[in-house]
Amino acid sequence: MSEVAEPQAVEFCPSAKLIKDPEPQKTEVISVTDRSRDAFRGKGVFVTSLMKPGDVEKMRDAGIEWAALQVIWQVRSRRRAPRRTPTQCTVEARALLEAGIRTVLWGWPVPNRVEEFAQTMNRAADACGAEAIIINAELSDSEGPMWRHRDEDAADRMVEALRGSDLPLALVSHGYASPALPWKALAKCDVGMPEAYDRTRKYPVKAGKTFVQRCMDAYARHYDHVIPCLGLTQTPARTMRLLHGDLGDYEREGCVWWAWTGARNNRDKRRVLGEIEY
């Protein structure tokens, strides 16, 4: 509970009755949609491992505007401890904020542990003052098939529980927007992030559209706000630049890269990140 200051004594003033009380100020209510655009505006990067000394400075110098910190990576067979505790999230978020970098959180959920997932994410977001939460829901993991149509109820409960954070929600998943995913629930998120990974840039232009543009179009069927998730870890610096260019004349409000581990010790990749402007 926050401390509340005791009311201060006011000296008697003969003309006090002539002083009008100030007009009450109207509080501007900013919609979740508008906040989602602000949270994911500009260059972002997914962060998987705990931050290392020098990371914040390197991100700042590369022009990173927001960082998505991983909180939890669930598996179906057993309960796992979070990758980052609320305290760790808070420490890293504070360091990022001092460098002018916004913090969002992301996690990997499984259908049979959605309540635990939402509770863990919401607690961490509340502790560190995160600006948004990203759900990384995919078709399979190391234990086999995962999110499917049959999981609509679990996905709906997850999204609904995460709304308790009062933060914008985003989904990052397969670039081709697999029809096997539980889209009825996942489309309730505010932002879509298609994983447009193509480390050798092998996917051809089809019907006048680049691979990145086709991924954007696939997610635009579910979301009004779409930003691409491009490869960084195994993608050469030159290809990173070309893939971002493949957005063409598509609206460019932001872009996120997977993941920071690929740029931490690679000056060429950080230089490419620095050259991209929004």
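This is a short walk through one predicted protein model, from the whole chain down to a few single residues.

First, how to read the values. The model is predicted, so local features need pLDDT of at least 70, side-chain atom pairs count only at pLDDT 80 or more, and totals for chains, interfaces and linings use all residues. Residues are numbered from 1 along each chain as its sequence is written, and side-chain values use heavy atoms, with hydrogens and water left out.

The chain as a whole. The protein chain has nine helices and 11 strands; these are DSSP runs, H or I of at least four residues for helices and E of at least two for strands, numbered from the N terminus. The chain has 278 residues, and 50% of them count as buried. Buried means under 20% relative accessible area, exposed means over 50%, and partly exposed is in between, with a 1.4 Å probe and protein chains only. Among contacts in the protein chain with a separation of 6 or more, 75% join residues 24 or more positions apart; contact means heavy atoms within 4.5 Å.

Helix α3 covers residues 86-98, helix α4 covers residues 114-128, and their axes come within 8 Å and cross at roughly 40°. That makes α3 oblique to α4. The axes are lines fitted to C-alpha atoms, for helices over the stretch in contact, and angles run from 0 to 180 degrees between N-to-C directions. Under 35 degrees counts as roughly parallel, over 145 as roughly antiparallel, 65 to 115 as roughly perpendicular, and the rest as oblique. On the α3 side, the residues in contact are Pro86, Cys89, Thr90 and Ala93, and they meet Arg123, Ala124, Ala127 and Cys128 in α4. By class, that contact has six nonpolar, one polar and one charged residues. Here Ala, Val, Leu, Ile, Met, Phe, Trp, Tyr, Cys and Pro count as nonpolar, Asp, Glu, Lys and Arg as charged, and the others, Gly among them, as polar.

Next, two buried residues. Ala130 sits in the loop between α4 and β4, the latter being 133-136. Ala130 has a relative accessible area of 7%, so it is buried. Which residues does Ala130 contact, leaving aside neighbours within four places in sequence? They are Thr103, Val104, Leu105, Ala125 and Leu167. Leu105 is 25 residues from Ala130 along the chain, with 6.6 Å between the C-alpha atoms.

Leu162 belongs to helix α5, residues 152-162. Its relative accessible area is 0%, so Leu162 is buried. Not counting residues up to four places away in sequence, Leu162 touches Phe117, Ala118, Met121, Asn122, Ile133, Ile135 and Leu169. Phe117 is 45 residues away in sequence, and 8.8 Å away C-alpha to C-alpha.

Last, the backbone. Most residues other than glycine have a negative phi, and most peptide bonds are trans. Trp258 and Ala259 are joined by a cis peptide bond, with omega about -5°. Ala259 is in the loop between β11 (254-258) and α9 (267-275). Arg201, not a glycine, has a positive phi of about 55°. Arg201 lies in the loop between β8 (191-196) and α7 (211-220), and is partly exposed at 38% relative accessible area. Ala207 lies in the loop between β8 and α7, with a positive phi near 50°. Its relative accessible area is 83%, so Ala207 is exposed.
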